[in-house]
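Reader: Please take one part of this model and go through it closely. Keep it brisk, and tie the part to what surrounds it.

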Amino acid sequence: MLNVEEVLENLVKCNTINDKENKKILDYIENTLASLGFKTEKRDKFLIMFNNVQTPLGFLGHTDTVGANDDWQYEKFNLTKIDNKIYGLGVCDMKSGISAMISAISQINFAEFNKGIKIYCTYDEEIGFEGIKNVVNYEKNFPETMIIGEPTNNEIIVGSKGLMEYKISFKGIKTHSSTPEKGKNAIMSAISFINELNSFYEKEIKINYNSNFEIPYTTMNIGKIEGGSAINSVPDSAEFLVDFRTVDKNDEEKIVARLKELGKKYQSEIRELNRLSPFLNSSEISNKTCNFITEASFLKNNRIILGAGPVTAHEVNEYVTTESLYKLVEQYKALIKKYLLL
């Protein structure tokens, strides 16, 4: 039986900011699971292991973490335990989830079942989701139910909003600001586009309510805008980034159609960065959803998002509580037994 804190400490010792020590952390996970009877199916920058040819249940976790600034009070790559809090970079997001998976697995007697589980460890979740995209391209037959160990403070989440991200670029004609009629102002084109997009959003998208979500409608955010070179020059280029957190596919279709119309009107280039549909599993164990995106959104099967807490992901002095961590192990053990007995 593997102690969850000891496993977590070994994971945190790996500096996986931007996947720096990807090989080191995968070596540790692969060797540990091999000692528990698991075989490696695929090893790249991601890792897939299994302990039976029949695997109705899978666990998935990303090994990378965000960066950390100098404001950290505790060691980043070692655990610091104070009272009931365990500090360390990535302990919440989401090395606690992976450590709880491994600890739970070590406490299950799989000889009692004629089925087993699969483990997926991905990379690049914090930047571009490249790891899960590669896993999805490789895996043609995921287990029927997948558990994703993102931090949830031990709440079971079975649904998520969708995500649509776009970069919209504009070209103008540069000239001196004293003779603007000789040029074409790319920033003004972007502003006009944004104004029309916002009006469309308020009148046609925001009115569509879906009570399954805490924020019960599709949201829109202009996250970044830039363009031009000087105060006395008419800008010949501009671009902005916009994202939508969608509640249903109908909103998706309307947004895509409107963006195409506005793109043609303002002669802009529209680049789709990400498009993930919302999902909501039919489940007897929970009806809770989230507004954020996880690797669960890239899957198509029954999905459960469940991890430790409190949710301090991306925060300075990130931590989880010991109660939450050990509770998560018990939750994973219960889910393993539940789904292997079905």
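Author: Leu335 counts as buried because its relative accessibility is 7%, under the 20% cut-off. The model is a predicted one. Leu335 is found in helix 7. Setting aside neighbours within four places in sequence, Leu335 is in contact with Leu57, Ile147, Ile285 and Leu306. Take Leu57 from that list. Leu57 and Leu335 are 278 residues apart along the chain, yet 9.0 Å separates their C-alpha atoms.

Strand 4 and strand 5 (residues 85–87) run antiparallel and are joined by 3 bridges. For Lys81, the bridge partner in strand 5 is Ile86.

The loop between strand 3 (57–62) and strand 4 (80–82) holds Thr63. Is Thr63 buried or exposed? Thr63 counts as buried, because its relative accessibility is 0%. Its contacts, leaving aside neighbours within four places in sequence, include Thr16, Asn22, Ile25, Leu26 and Ile29. Lys95 and Ile98 are also among the residues that Thr63 contacts.

Last, the setting. The protein has 7 helices and 18 strands. Of its 342 residues, 52% count as buried. Leu335 and Thr63 both count as buried. Consider contacts between residues at least 6 apart in sequence: 77% of them join residues at least 24 apart. The C-alpha atoms fill a box of roughly 80 × 45 × 35 Å along the principal axes. The accessible surface comes to about 15800 Å², and carbon and sulfur atoms account for 46% of that surface. As for charge, the protein has 41 positive and 47 negative side chains. The centres of these two sets lie 5 Å apart.

Terms used. Residues numbered from 1 in each chain as written. Predicted model: local features only at pLDDT ≥ 70, side-chain atom pairs only at ≥ 80, totals over all residues. Heavy atoms only, no water. Helix = DSSP H or I, 4+ residues; strand = E, 2+ residues; numbered from the N terminus. Buried < 20%, exposed > 50% of the residue type's maximum accessible area, 1.4 Å probe, protein only. Contact = heavy atoms within 4.5 Å. Areas by Shrake-Rupley, 256 points an atom, 1.4 Å probe, with all protein chains shown as cover. Lys, Arg positive; Asp, Glu negative; His and termini not counted. Charge placed at Lys NZ, Arg CZ, Asp CG, Glu CD. Pairing = 2+ DSSP bridges.
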